[in-house]
Amino acid sequence: HEHPAIAPCVEAIADSVTHARFVGTDASGDGVVLMRILQVLRALVLSPAGDHLSDDSICEIMLSSFRICFETRLIELLRRTAEHCLRDMCQHLFIRLPHFADDTRVLPNMKKMRTNGIENSRTKPRKSKMPLKPKITTNSDEMDEVETKELLSPVDRVRANHLATTPITPAGNIVDMQGSLNQNTPEKSDEENIDKVRKNLDPKPDIAPNSPEPVENDKITQELTAADGEQGKSPELEVTTSEKQGDAVVEPSEVCNKPEEPAEQLPQNEGDTSPELLQSPTGSVDDLSVDDTVKPQNASEVPTIKIDTEHLEEYINQQGVRFTPLQQKTPYGALCIRELFRFLVSICNPLDKQNTEAMTHTGLTLLQVALELSADAVSNFSSLLSLVKDELCRNLILLLNTERVSILAVVLQVSYLLFESQRSHLKFQLEHYILKLMEIVNSDSNRITYEARELALEAITRLWRIPGLPAELYLNYDCGLYSNNLYEELMKMLSKNVSALMGTMYSIQFISLDAIIQLIFGIEARCKGYSDYCKPSRHPASANLPSRDELKAVKANKRWLAMGTEKFNENPREGVAKLMENGLITNESGGLDAEKLAKLLRENPMMDKKAIGEYISRKENTNILNCFVRRFDFRDTRIDHALRLYLESFRLPGEAPLISLLLEKFADHWHDSNGRPFASADAAFTLAYAVIMLNVDQHNHNAKKQSNPMTAEEFKKNLKKVNGEADFDQDMLDDIYNSIKNEEIVMPAEQTGLVKENYLWKVLLKRGASPESLYLKVGNESALVDQELAERAWAPIISALCRAYDKAPDRTLQRRVAQTFLCCAAISSHYNMNSDLDTLIVSICKFTGLATGGEPDQVVLHFGGSGRCQLAARTLFKITHSYGNGIRASWKNIIDCMQTLYKTRLLPQCLTDGADFIDSAGKVSLIKETLTPKQPPQEQGIFSSLYSYIALDTRTPHPAEATTRKRATECIANCNLKQIIIESKFLEVDSLKSLVGAIVSVNSHDEDVSVFLLEILLEVAIQNRDRVTTIWSIVLAHIDGLLTTAARENQPYLLERVAVGMLRLAIRLLRSEEFANMVLPPLIPLTHLQSATMVPLSRQIAFGLFELLKTGAANIHTTEDWRVIFNLLECSGAGALVPKQQQGNTVLEETCSRVSVLDQRPISPVPEWVLVSPTGTEAPLPVAADTIVLERDLLPHDAAALVKCCESLMFLVRDVAHVTPFNFELCIHCIRTFAEAVLQ
């Protein structure tokens, strides 16, 4: 394919096939030929040699294929084949697009693909053809501004001169690739038809009288566009090549000016064409006109051919077909692809009534193929990007209103491909698109089907899965001053769809839930550093992404702006004051900044136009009005166009003086911006005022009723001699008059329907051309705003997940939602979102069925029989294990669940066993079974026995109940609740305080529950003994309250457990010296309790004191602390209570006035007691035995407790290190007390 003759060869093939003509026989036979043509065109484009085709040839090939595809009178198979060929060729063309360079040239003779009209065929004759009204487009490409006209094919030119002399018989048709492709089945044999056609060779395609009426479109016409007007063309190009050779070839003008024949013989797409547009490109074979001046009367007569042998450029055969030598052309590039793309966009325009649903569907399908291959390359071509920004996006958004689900599906696919790759250039188009999709999803209209809502939601979630898109939505829109809060609104919509469940889940609910779960999984993965496992973004992150503080500031300003705008719309003066109060429009000194306010009035779309007009028209706001007017760029803008822009920004007030003021400022600024084109600014003011009056005169219904609208002459007459005693340019006034007459100046608030949509789209494009259109791409840096994404949408997320968990139809979905709960907990813990984590835990507690309480048996049956409750419990306690640091207020809910589990006897044994000093195992079960004492047998009658048997509840549990309890017990055992207590030592201080506060806040009147919670509290305190000071005050206050309650309400079991717990704390904490003075004083109340002298409390105290002294005696250093120890020994061992009023410094300082009840013994002459000097230097002082007298009466005591207390005393006195000056007297007194107790 590198041979130099390849290019001319493929050009000749393309030209021959696209201009092929053949005799039609029947529908099937002609279909085969057309299918072969399609195969040739496809093979030509897809072959390596096809890369040498020119832009013109590619356009011709594509246009020929489109003709076959859109001809509804052809068989379905042929049209489908054409569509597949188009798909393959588009795929080949667009896959090469990235390798082409951007080319914005406008070639004068290159054929542009257009649907200038696919006219519906009519059987009713038409006497004349009315020219179609030119279509007004908004594309800024200069090629669109060039005047286009319909192009007659070369065969149409031949046909025009053969209409009168060689009519086509009904038996046969000429099928022309450049004309009509329809045919009918001949009534006679094929041979007869061929003979007749040979005798009357007329290429005019015709419709036989008996042919069926076409239902859809006839064909697509092609157009040539001159570059910048046709006056620059060389004279040679205006003469056909055959004239140079001396041939009598009819001029195209003669063809166009020839009288029309009856309508039934006219081609359906024939129209007036200027001679210039009929010129063939230099070196091409497009011009196939023949010698029409000599009309053959029969098949034997042929035109006379004159050939210039010196300048042999063309050859015309006997049938009148001209052959032109081909010249080397440049291989096709971006130009033809641009025209193809433009054509595809144009046939997708729903506002163009000539575009049928089939055409629209085909165009969208081919656009999908194009974007799948080269969507990323579109931004490299300015002309393609301008088409995408305006026409394509507008068509796609308009097509969202279609009722055809098949078209909607393709629209959504094309939109996804477009926004996924080019969203950085389509910021506001993407916003408009998403808002439209949300409108469809939330619509309750019967016109919108469930399938359409489902497709729209799927499109949103598909965008949602683009890596980084949720973060980009938040950055670009939620943090944009004048944009919608897209991210927050989307999350609310998704949550609303999931929360709308009443029974079974439907597709919309599943899709919405999946989008929420995907968001949570992505944030959680980045929190844990698993971002490498996430799908990477195809686009790099933008430079200089804002920090979190900057985003917070923008969000705050947006919130204040919304409040100020709402206030401004109600009362402009108060609104401005509100904006100033929040610093949005103030200068450095704190005063009003006119420039900032003018910018806000100009750019803020939420402000009411009427309120703006009223505010800036006040005399005291002249400075603001001046700043407001200067923000318009009126350079090189005609005054009526400038006035349209000006009046779009506010609504004119009703008073004439205010209108004059506003127009005066406008006229001054416009006059200065355009180099003072008039005599003075007053002339500009007069003209502007006249334009407004003309607009009222032409379009106000009341004005029309009073008088006829003024004419152009009257308009110009009214403006005579107002331009400094001179007239305005009359052509300019005509243009202004026509502009106002054809298009009314409508205030934005008064616009409706298509006018309003066009205005809003124009505003969108204008915003897209401003600095506000900067789109920040996040790429793989979504972690920058993950915390904001979670915080802003936490309530909708939790609401949706809870609803989905509650209504999940199967266990698989329940497990997935439970996993999402864990991810939410990880996110909230990572970002210290403590209140959000509490919200999550409270929600999960409701699903366990444990937080509400109830009868224990009912709770067990419900919990054990519900997999949902068990899964919720496992999830709850797993969150507690893993993310307890972030839990605050919800500790109370967790403790409530554990309390319920204790009541239902579902807790494992490790949590229902408490430490005990008496039991040999060191543990005792906290659960006390209530045993009913068995009554002795009595003599009963037969009826009494029967009644007793019936009344006695001896029912054995049902096997199903036993199974349910077993299942519930196993579930709780697997939750490892003991670890929550043990791992509390790793909690942060705030979380630890919240946990302890939750435990002590339970005010239970049940003794068993109080004991259980006390054990948990003690275990938590012991586990956190290194930092017990942070919670000591809370623990001590709770224990003191329990002790008082147990003594007052006579709860011996609770009293025993409180005493054991206090001693346990003292034993653990006395291992450190600094805790001695903190843990021993709380034991003092035990010495005042009479029950402390009786079993089992006395034994618990005695055995506990023994353990305490063994482990912590060396760390007791003060007399006060030792006094507590010895008082407890005397109380529990000897039954010597300490009176509450006797709390002096030393025990021996106070004497008892009562006579001792001990037996009186004779006094020994030898001193029995010696008071040792504390310093050891003073002489021993003999003390008489009768001087040491007990001041307390001894109550009955337990012998085992006394023995254990004696062991404790022996442990102290046998070790010299333990007898100190701080406890010597106390030790002596304790020995005497025990001696007296032994004698009792």
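Welcome to a predicted model, in which local features need pLDDT of at least 70, side-chain atom pairs count only at pLDDT 80 or more, and totals for chains, interfaces and linings use all residues. Residues are numbered from 1 along each chain as its sequence is written, and side-chain values use heavy atoms, with hydrogens and water left out. Helices (H or I, at least four residues) and strands (E, at least two) are DSSP runs, numbered from the N terminus. The residues of α33 that are buried are D836, L837, D838, L840, I841, S843, I844, C845, F847 and T848. Here buried means under 20% relative accessible area, exposed means over 50%, and partly exposed lies in between (1.4 Å probe, protein chains only). How far apart are the end C-alpha atoms of α33 (residues 834-848)? They are 21 Å apart, which agrees with the 21 Å that its 15 residues should span at 1.5 Å a residue. That expected span is 1.5 Å times one less than the number of residues. Just after α33, look for G849, which takes a positive phi of about 75°.

**Helix α16 (residues 486-499) is mostly covered, with 10 of its 14 residues buried.** From first C-alpha to last, α16 reaches 20 Å, close to the 20 Å expected at 1.5 Å a residue. Its buried residues are L486, Y487, E488, L490, M491, M493, L494, S495, N497 and V498. Stepping back to the whole protein chain, there are 49 helices and 11 strands. Of its 1240 residues, 51% count as buried. Among contacts (heavy atoms within 4.5 Å) between residues at least 6 apart in sequence, 77% join residues at least 24 apart.

F100 and Y332 are each buried. In another pair, the rings of F715 and Y737 have centres 6.2 Å apart and planes at 40°, so they are tilted. This pair also links distant parts of the chain, 22 residues apart, with F715 in helix α27 (residues 712-718) and Y737 in helix α28 (residues 730-742). F715 and Y737 are both buried. Elsewhere, ring pairs connect F628, F632, F634, Y646, F650 and F666 into a cluster. The rule for a pair is that rings of Phe, Tyr and Trp (its six-membered ring) have centres within 6.5 Å; planes under 30 degrees apart count as stacked, over 60 as edge-to-face and the rest as tilted.

**E76 and R79 form a salt bridge in which the closest N and O atoms are 2.7 Å apart.** A salt bridge is a side-chain nitrogen of Lys or Arg within 4 Å of a carboxyl oxygen of Asp or Glu, and the count comes to 48. Why are E76 and R79 separated by about one helical turn? They are 3 residues apart in helix α4. E76 counts as partly exposed, at 37% relative accessibility.

**E574 and K567 meet through their side chains in a salt bridge (3.6 Å, N to O).** E574 is partly exposed, with a relative accessible area of 41%. K567 counts as partly exposed too, at 32% relative accessibility.

**R635 and D633 join their side chains in a salt bridge (2.9 Å, N to O).** Is R635 buried or exposed? R635 is exposed, with a relative accessible area of 54%, while D633 counts as partly exposed at 48%. Salt bridges with shared partners also join E595, K599, E603, R630 and R631 into one network.

**M1210, V1213 and I1231 form a nonpolar patch on the surface.** Together they have about 200 Å² of accessible area, computed by the Shrake-Rupley method with a 1.4 Å probe; for residues, only the protein chains shown count as cover. Patches are made of residues with over 30% relative accessible area and no salt bridge; like charges are joined within 9 Å, nonpolar side chains (Val, Leu, Ile, Met, Phe, Trp, Tyr) within 5 Å. M1210 lies in helix α48 (residues 1199-1213) and is partly exposed, with a relative accessible area of 33%. The protein chain as a whole exposes about 58700 Å², with carbon and sulfur atoms supplying 52% of it.
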